[in-house]
Amino acid sequence: MTRTRSGRAPSRATAVSLAASLLLAVALTVLAVLATTSSASIDDPSATPQSSWVIDTAGGSDVALDVAVNSAGTAYVCGQATNAAGNLDATLYKFPVSGAGWRKTWDGPAHANDAFYAVAVAPDGRIYTAGANRNAAGQLDMRLVKWSSAGDVLWTRRYTGPVAGNDTATDVVVDANGNVTVCGESQGTKGKAFTVVSWTAGGTLRWVRRIEGVVLSDDRANAMIVDGSGNLYVTGRRSWEIGMAGYTVKLSPGNVKRWSHTYTGADSVEFTAITKRPGGGAFVCGKQLGFDTGWDGVVISYTGAGTRLVFPIDVGDGADSTDTIYHSVVATPTGKVGVAGSVSYGYGATYARYGRIFDAATGAVTGTLSNVDSYLQRMAAVAADAYGGLYFTGTDALSAAHTAIWTHRYSTIVGGGTWTGTYATTAVALNKPTAIATWRTTVWVVGQVYPGGGDGDQMVLKYLY
């Protein structure tokens, strides 16, 4: 599953389903596809979602932040929504393949602002949501909530650091034994710490690992995966001498550090996303600040033993005025790695929705998708299916005040199918996707839309291919 994510009290959620007529598809925008492996004999330049949901509660700004799909195809979407009192509640919605789903909100003990940034499904079908709740003192606590498949809260757990400050969970995973682990950032005496916290399925704390600098730190764990043996791969950023370094660590199920790598690049570095590497290990992606090339896109492959391969650094046109940033990464069973990102040229004079495809073994670039516009646009996330498909989602800039939600299937095999769907073309606002997930060839895209041009609402799209 791919993901890219502050906090809301119980509210009476109401749903407004947009008619399919709102799902106006547009012709495929300009795609600079450099890969020879992507020629497709089947193409649909105007795909329409099978289903769409726009969920508005009591007004205010609502947003869906992450989506996870279980082995039966049921999707769980988490985020935040405004309640009647004007505060933010954390939310969890269920969308089954057939039959009725449900919508739940969670209000923290202080009845202040709460949010779920990440969701995961356990092997037994239970659901975990992770994020933060604002406490009575005004700080954020790291929060984990376990749910039954019927939407009942089974238990909640809070983690706070050694000092009063903000603690936030950014990601959550569950291993084959039901142990659940969150990662994020937690305030310490020297600043923010790269933090990983693990519990049993029953809610008993197993262990805590905090990693922070020796002076002032601004460390953060952004994302993680768990392998079939329960090992955790966690990635994010760490403070070093003159800036930030990309940091990735492998932890055993019992919190033994197997290996760690600090990547400094040319200057500051941050890894924002991680995905499983076929054969063991992980791929991570993010950005590094070049000496005279601006922000550059970076992808690194780590084997299970910790052997590192840095893919070619994406410096764009090489100018200091150009920033290339990778937001999301995924691997395909066909030996490819896809990244979703964005490029700004000339200090923001023009922008590109940007995707890259690499050979997983060598790191060689095999394809690029790019659409340049004078208005702000980006690719937010990428996911893969079992048939060589990469699914990119992002924004399509229609004007300075209007972005539509753009989703595209790219095929990594010759003769594979491609399609493009564009949503919210009539809702004139800065509509955006935040996360994407796949089940077989069903694609779920979540984010935020402004159907009335006022406050944002949670958005869920379901494509069938």
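Which residues are linked with Glu 185 in a network of salt bridges? In this predicted model, the network holds Glu 185, Lys 192, Asp 218, Arg 220, Arg 237 and Glu 270.

**Strands 13 and 14**

Strand 13 covers residues 167-174, and eight of its eight residues are buried, so the strand is largely enclosed by the rest of the structure. Its partner is strand 14, residues 180-188. The two run antiparallel and are joined by seven bridges. Within this pairing, Ala 169 is opposite Gly 184 of strand 14. Five residues separate strand 13 from strand 14, and the two strands form a hairpin. In the turn, Gly 178 has a positive phi of about 90 degrees.

**Salt bridges**

The whole structure contains 10 salt bridges.

| Pair | N to O distance | Relative accessible area |
|---|---|---|
| Arg 220 and Glu 185 | 3.0 Å | Arg 220 22%, Glu 185 8% |
| Lys 192 and Asp 218 | 4.0 Å | Lys 192 28%, Asp 218 31% |
| Arg 409 and Asp 385 | 3.0 Å | Arg 409 3%, Asp 385 5% |

Glu 185 is buried, whereas Arg 220 is partly exposed.

A salt bridge also forms between Lys 192 and Asp 218. Lys 192 is in strand 15 (residues 191-199) and Asp 218 is in strand 17 (residues 217-218), so the pair ties together parts 26 residues apart in sequence. Lys 192 counts as partly exposed, and Asp 218 also counts as partly exposed.

The remaining pair in the table is Arg 409 with Asp 385. Arg 409 sits in strand 32 (residues 402-411), while Asp 385 sits in the loop between strand 30 (379-384) and strand 31 (389-399). The pair links distant parts of the chain, 24 residues apart. Are these two residues buried or exposed? Arg 409 counts as buried at 3% relative accessibility, and Asp 385 is buried at 5%.

Note on methods
Residues numbered from 1 in each chain as written. Predicted model: local features only at pLDDT ≥ 70, side-chain atom pairs only at ≥ 80, totals over all residues. Heavy atoms only, no water. Buried < 20%, exposed > 50% of the residue type's maximum accessible area, 1.4 Å probe, protein only. Helix = DSSP H or I, 4+ residues; strand = E, 2+ residues; numbered from the N terminus. Pairing = 2+ DSSP bridges. Salt bridge = Lys/Arg side-chain N within 4 Å of Asp/Glu carboxyl O.
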